[in-house]
Amino acid sequence: MFQDAAMALQALLEPMRLLALFAGMMVGLVFGMLPGLGGVAAVSILLPFIYLFDSYAGLAMLLGAVSVVYTSDTITSVLLGAPGSPASAPTAIEGHAMAKQGQASRALGVGFLASMVGGLIGAVVLFLAIPVAGPIVLMLGTPELLMFALVGLFFASSMVGKDLKKGLAAAALGIFLGVIGPASAAADIRFTFDQPWLLDGVSLTIMALGLFGIAEAISMLAIGGGIAGEKMVLGPRSDGVRDFFAHKWLILRSSIIGVFGGFVPAVGASASTWVAYGHAMRSTKDKSKFGKGEIRGVAAAEGANNATVIADLVPTLLFSVPGGPAAAIFLGALFSFGYYPGPRMVSQNPDLMYLIVWSVALASVAGAAICFFITPYIAKLTRIPFAIIAAPLLLIMVLGAQKSTGTMGDLYLLFGLGLLGWMMKYADWPRAPVLVGFVLAKPMEQYFWLSNQLHGWSWLMRPGVLIIASIILIPLLLSAWRAWRGRGLPTALAEGGETGEITTEAAAVPEPGHVTIISTLLALIATIAFGYAMWEMQGFNSTSQLLPGLAIYPGFVLSALLLIQGVRSLRGASWGSFDEHRFLPVLLIYPVAIWAIGYHLPTIALLAWMLLVCAKMRWLSAAIYGGVVFAVMLGMYRLMRADMPGGEIITLF
Amino acid sequence: MDRLKLTTALIGATFAGLAALPAIAQDGYFAGMDIEVVVPFAPGGATYVSAKFLEPFFERHLPGNPTVTVVDRPGGGSIIGANWFEENANADGSTVLFTTSSSSNPYVLGQPEVNYDLAAYRVAYSHPFGSVIFASPDLGVSNVTELAATDTPLIYGGISAAASDLPAVLSFEVLDLPITSVMGFSGRGPTLLAFQRGETNIEAQFTPVYMTQVVPMVAEGTAVPLYTGGSIGADGMLSERDAVAPDLPSVYEAHVMLHGAPPSGIEWDAFQAIATSTYAFGLTGYLHPEAPDEAIAAFAEGIAAMNADPEFIEGRREITGGAPLMAGADIEGNVRAALQPSDEVRAYLRDLLAERFNIRF
């Protein structure tokens, strides 16, 4: 085993292969930073080039890209608040809040180091897994997978936030969005309005971009030409290293959570990232800083997502079952080089297996080092007026969304969810539960249905199920016991498990007017959506109603309550000095214009509006900068073979 | 794409220049052309792997030596990519839709999201995508006759009864095997895992996975092969054995073994229609409905040369199970016939899916 590993390292250290690994890493780093374009985009764009090399170098190239995407996405998430990839949404929440407080360096340092550790743990697991992981993966039957999803939901319950109604309504909304598309239990196609682009449901990329990215871009446009005192203070780098060591155990635990996420096929990096984030919340005594810049949130999320993407390779290599979308493309590359993964490959191609481990480990370390090195330069970009950054950012997000189905539907979803994300941001509805509900909805439904079909109810007594269930039950029982023992001591109650988050804030400041207005509007929209969903779901088979029902009925009640509460407090609420909503019409005009006359003219008009009106650039510089941005975008569409839908009425240009 | 090309050229980007490097003048229908092969699945799947395998051989052997590019357009279980093809294919035959029963079965059943008219398309080439049904050794059976007699509950894991699982489900009907089909898995990889974990005990896999993953399992004794879908014989029926596993009986033979007579009736007609498009012409390259006969002939000519290329013969074993690539006017007739079954068969399929799997269109 060690001899094979040493030989594999020697094979990888050939200059051509190192060059390929490095080139792959560079592409991965860039794509990680571009919101919406993550590992899948990086790997698909590299795919034609791997055949220029020998099989080892070609595969190293892909692995280089896969290993660093979740490292560099930290930069975008922290500095701009738009998640570099869906799995770094928690980093966008916590890290960006820290950046606004002048602690970007801490967040980035911890993020990079945690990513590196996650990657290394993934590599170690892969190394150890090669001989032993087969039986472990086979032990995890469908009921165990269901239990993992429930553990994820349990951890996520910490994210509901201080307003229980809003948090639960948000979670219900997430599950509702997550069940769009074909049901796993019976042949019902839910809430798709016969639109082909909804046949696979809403893409996770578009969810993350819409909920977080678009809202941030709007805020950046609203800040406009000035840097508005937002000059990015990075803070000393050593802080990040110190924080990393302070939270090393949390990062280690999160990486292990990430590894398990990778073992389970079809549970992506996003799900395990949220589980790790929930774990960070549960294991932190003082939860008040979550959502407002908590370093532990960044540490957990970044440790987990990198570990998952690498552990994804375990089922890929042992069973030919890709652990995630990027791993699926890697699998295709293996096939095309004539390697057929499976238990046989371990004995037939041990050098290849260990080459994969080394590639991943080297790329994880080098990727983190490069990120450290480039951060000061990238941070300088944030001294540019925000509206100037927002222009290319918005267009890249549109391109990222377009990679989902290549139809107009991607744009409707991106901007529709963008509006939702923006409203939630200013209505104080937490966005994390939406994404968690979204990523867990389908696996929960599928595994529940399959468990019952394959095992009847006897699955409840399987030893694996009981062991995993204890992860949920033991903390619940402990906190119940503590609460019982501490009767009469309200402080103890406030600390105990489930109820810990819902501390009453006696000295609450009255809500600003715009929060009331937006929250009421949002509650109205949610009530209508849930109401419609209740009506449509009556036509489904009963098995396809179960999970949506668990979200839609409570969601309707909660949003109706929030609506009533909002309408009551609406009197006297005014927008005050808040004016960001004036920027919202662009969310409607831009996609409709593309639908009508194609991509080019509306995009040029949008660029002109963003640069001249929002950023107040001068004509000449706006024309040069805008021209370059537009040309680069067209080049990227071509390079990525992305479709440009639209032009239904007339195609201009 | 034309708009895009034009604009890019106007701006002076270099991409277009690179793509338009002067092609060396060649004779033949496809001289100087770029063929785009659209695969409506994600890269990494069996269809994509087969398309990538064929790519260099097409470039080498098609008359005129065109450049061939495989493009993936995944989504909606292939419906999104096929819908895209309906709207965007070139009429000169330079756009190919390379797809499977995941496109044809929803078409035959009339799923509302289907916007493509598959039976109107020209057929450029096709190769079989055989399927082997196998059982868990825990059942203690060694062939289909013993399987029919077992008392252990039989569970088959599938994705969706209306897509690529349909012929397997129909074969259980033809053979009258008491198998419970549990649909809802997310792919054939996960169903194989569930089989290995012992959660299901009947499983089916298509040629490439069978050759690379299941054959070693059979050798280890962790899988017992039962029967294949069969291949088209001289009588035009699926009565011959499949080249993928020549030792195994076809569904036709299995019926003779179990019931003492060749299969007949509506179940058999339905199985024939669906299995022909799923197995016998499992991976098919379609062209625009108005693609000229010259394009079809050019594919036939190139494919005849490919089937004689020793390198191709060597490589196709793991992709097609050794079967040659088919082309020409007669396969077009076969494919179109399979895509337009009688109203009786359609009604039977709809009833079966509605009754067993609650699928209504």
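1. Just after helix 5 of chain A, G102(A) adopts a positive phi of about 80°, in what should be read throughout as a predicted model. Helix 5 itself covers residues 89-100 of chain A, and its end C-alpha atoms are 16 Å apart, which agrees with the 16 Å that its 12 residues should span at 1.5 Å a residue. Because 11 of these 12 residues are buried, helix 5 of chain A is largely enclosed by the rest of the structure; the buried residues include E94(A) and H96(A), along with A89(A), P90(A) and M98(A).

2. On the overall form of chain A, the secondary structure comes to 27 helices and 2 strands. The radius of gyration is 24 Å, close to the 26 Å that the globule rule gives for 653 residues, so chain A is as compact as a globular protein of that length. Along the principal axes the C-alpha trace of chain A spans about 75 × 70 × 55 Å, and 57% of the 653 residues are buried. Among contacts in chain A with a separation of 6 or more, 80% are between residues 24 or more positions apart.

3. The confidence of the prediction for chain A deserves a separate remark. Mean pLDDT for chain A is 84, with 92% of the residues reaching 70 or more, but over residues 489-507 of chain A the value stays under 50, and for this stretch the model has 25 contacts beyond four places in sequence. Among the elements of chain A, the lowest mean pLDDT, 41, belongs to helix 22 (residues 490-495), whereas the highest, 94, belongs to helix 23 (residues 513-537). Where pLDDT is low, the predicted coordinates should not be read in detail.

4. Two residues of chain A may be checked individually. F191(A) has a positive phi of about 55° although it is not a glycine; F191(A) is found in the loop between strand 2 (189-190) and helix 9 (204-223) of chain A, and with 21 other C-beta atoms within 10 Å it is buried. P475(A), by contrast, lies within a helix, namely helix 21 (residues 463-485) of chain A, and is partly exposed, with 15 other C-beta atoms within 10 Å. The C-alpha atom of P475(A) is separated by 10.0 Å from that of R282(A), a residue 193 places away along the chain.

5. Chain B has 15 helices and 10 strands. With 361 residues, a compact globule would have a radius of gyration near 21 Å, and the 21 Å of chain B agrees with this. The C-alpha atoms of chain B fill a box of roughly 70 × 45 × 40 Å along the principal axes, while 55% of the 361 residues count as buried. For contacts in chain B with a separation of 6 or more, residues 24 or more positions apart account for 75%.

6. The domain assignment divides chain B into domain 1 (16-128 + 282-343) and domain 2 (131-277), whose C-alpha centres lie 27 Å apart. Between them, 22 residues of domain 1 of chain B are in contact with 16 residues of domain 2 of chain B. On the domain 1 side, helix 3, helix 5 (101-109), helix 13 (310-320) and helix 14 (329-339) of chain B each supply at least two residues, and the largest share, 6 residues, comes from helix 5 of chain B. By class, this side of domain 1 of chain B divides into 11 nonpolar, 10 polar and 1 charged.

7. As for the interface between the chains, 44 residues of chain B are in contact with 47 residues of chain A. The elements of chain B that give two or more residues to this side are helix 1 (2-11), helix 3 (46-61), helix 4 (79-88), helix 8 (188-196) and helix 9 (207-220). The side of chain B that touches chain A has 23 nonpolar, 15 polar and 6 charged residues.

8. A last point concerns S78(B), which has a positive phi of about 90° although it is not a glycine. S78(B) is placed in the loop between strand 2 (67-72) and helix 4 of chain B, and with 27 C-beta neighbours inside 10 Å it counts as buried. Most residues other than glycine have a negative phi.

Definitions and conventions
Residues numbered from 1 in each chain as written. Chains lettered and ligands numbered in written order. Predicted model: local features only at pLDDT ≥ 70, side-chain atom pairs only at ≥ 80, totals over all residues. Helix = DSSP H or I, 4+ residues; strand = E, 2+ residues; numbered from the N terminus. Rg over C-alpha atoms; globule rule 2.2 N^0.38 Å. Buried ≥ 20, exposed ≤ 12 C-beta atoms within 10 Å, placed from the backbone. Contact = placed C-beta atoms within 7 Å. Nonpolar A, V, L, I, M, F, W, Y, C, P; charged D, E, K, R; others polar. Domains from an automatic or database assignment. pLDDT = per-residue confidence, 0-100. Expected span 1.5 Å × (residues − 1).
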